[in-house]
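Have the structure open while you read.

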Amino acid sequence: CVAHIEEFQPLADGRSVLVVRGVERFAIDDGIESEEPFWEALVAPYADVDAEAGIGLRRARAVSLFREVARNLGEEPDWVHGLNPEAESSFPLVRAVQAEPAWLQGFLEVRDEEARLELLEQIFLHLLGR
């Protein structure tokens, strides 16, 4: 995804610590061979399919389940209070899920907000023993 750098801290060995926020997804159409020390590619937008009417109820349910899990663990993050059922919610919620990288990659590739919310609900319900 396209990411905006929010924090940057250079390290003595030449590496850096970055905090980034993903802002837009893209698909790699083809790699570009170059002498540069980084990868280059031709990319195309990777937008979601349009959300179904009534998805706000699905978002509210996923947020509610997450809050219940967080309360059971004794830590409800402050950022969860800012989630709006009328706005995309699956990506903010998934940042709290610790899962295998392959599962997370699959999640990121899903182009349907409702399908991503279903995946999250399954995890939250499992954690709640339901």
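**Aromatic pairs**

Searching the whole structure turns up 4 aromatic pairs, where a pair means rings of Phe, Tyr or Trp (its six-membered ring) with centres within 6.5 Å; planes under 30 degrees apart are stacked, over 60 edge-to-face and the rest tilted. Keep in mind that this is a predicted model: local features need pLDDT of at least 70, side-chain atom pairs count only at pLDDT 80 or more, and totals for chains, interfaces and linings use all residues. Residues are numbered from 1 along each chain as its sequence is written, and side-chain values use heavy atoms, leaving out hydrogens and water.

**Phe107 and its partners**

- Phe91 and Phe107 pair edge-to-face, with 6.1 Å between centres and 80° between planes.
- Phe91 is in helix α2 (residues 90-94) and Phe107 in helix α3 (residues 101-109), so this pair ties together parts 16 residues apart in sequence; helices here are DSSP runs (H or I, at least four residues), numbered from the N terminus.
- Trp103 and Phe107 are stacked, because their ring centres are 5.4 Å apart and their planes at 25°.
- Both Trp103 and Phe107 belong to helix α3, 4 residues apart, or about one turn of the helix.

**Burial**

- Phe107 is buried, at 1% relative accessible area (buried is under 20%, exposed over 50%, partly exposed in between, with a 1.4 Å probe and protein chains only).
- Phe91 is partly exposed at 25%, and Trp103 is partly exposed at 28%.

**Cluster and charges**

- Phe66, Trp79 and Phe124 are linked into a cluster by ring pairs.
- Arg95 lies over the face of Trp79, 4.1 Å from the ring centre (the cut-offs: NZ of Lys or CZ of Arg within 6 Å of the ring centre and within 35 degrees of the ring normal).
- Arg111 has its charged end over the ring of Tyr46, 4.1 Å from its centre.

Note on methods
Helix = DSSP H or I, 4+ residues; strand = E, 2+ residues; numbered from the N terminus.
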